[in-house]
Amino acid sequence: MKLEKVTKEEKVAEKRWYDDACGTALALEFLGERWSMLIVRELMLGPRRFGELKADLTGISANVLTQRLDSLEQAGVLTRRKLPPPANVQVYELTPWGYESEPIFQAMGRWATRSPRHDPTLPLSPVSAMLSLRTMIDPDRPDIRMTIGFRFPGASFVGRLDRHDLAIEPGEAGDADVVFETDTTRFVTLVYGKWPFEESEAEGRLKLTGDRAKAQQFVDLFALPEKLTQGDA
């Protein structure tokens, strides 16, 4: 591999944070500012509009979101484009290199959820809920194949499960074996807390349609990592 020296002038132009050749240091320059990683997370399942990003990133200001989108674009992590008519709106989407960062999010998610400070009852965006499934699914699962629909307030997704992957994309699945219609907070309690479906249905927090046996089979594929003990921390 050819090594190319970055000049002092180029370092100044790039506003480098660290005088460090480590790849981790450079990754932090791309993603280390507050909100940057969560913006990338929200784009992991496809392009989004500015307003959609702001709505799902609770607490971010329009000014900060604009700054982070600009810096991520300059870094080559995302790009912006205009959808053709009749939509005719601007969206932001990850570059192919940006999509390669998903394993980073998965590793961080599995690592951080072992902490006793992890609180699964905090708000969760629909995209984050879907990505948690791709992160926490049992890697040694049996060869189960099914199509699952997920409907949350303002967002719908379709998942296609096989032995090798759980592919998830925005949209509706007319051929779904089972459909979960709920809010994201209740969804994670169903998946990771293993709450009975009937309890959530009785509370009006869940509408479950399709094959209930497959729904249970699907939920059983997921578990959070074991929490650290006092001796581990």
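1. Pro-86 sits in the loop between strand 1 (78-82) and strand 2 (90-94). The peptide bond that joins Pro-85 to Pro-86 is cis, with omega about 10°. Strands (E, at least two residues) and helices (H or I, at least four) are DSSP runs, numbered from the N terminus.

2. Before going further, a word on the basis: this is a predicted model, in which local features need pLDDT of at least 70 and side-chain atom pairs count only at pLDDT 80 or more, while totals for chains, interfaces and linings use all residues. Residues are numbered from 1 along each chain as its sequence is written, and side-chain values use heavy atoms, leaving out hydrogens and water.

3. Another backbone feature to look at is Trp-35, which has a positive phi of about 85° although it is not a glycine. Trp-35 belongs to the loop between helix 2 (23-31) and helix 3 (36-42). Most residues other than glycine have a negative phi, and most peptide bonds are trans.

4. UniProt, in an unreviewed entry, lists residues 22-120 as "domain: HTH hxlR-type"; such annotations may be inferred rather than shown by experiment. The span 22-120 is 52% helix and 10% strand, and its end C-alpha atoms lie 33 Å apart.

5. The domain assignment gives domain 1 (23-100) and domain 2 (126-221), with bounds from an automatic or database assignment. Their contact (heavy atoms within 4.5 Å) takes 6 residues from domain 1 and 8 residues from domain 2. The C-alpha centres of the two domains lie 26 Å apart.

6. How much area do domain 1 and domain 2 bury between them? About 580 Å², 74% of it on carbon and sulfur atoms; this is the accessible area (1.4 Å probe) lost on putting the two parts together, summed over both. Arg-41, Glu-42 and Leu-45 supply 81% of what domain 1 buries against domain 2, more than any other three residues.

7. Between domain 1 and domain 2 the count is 0 salt bridges (a side-chain nitrogen of Lys or Arg within 4 Å of a carboxyl oxygen of Asp or Glu).
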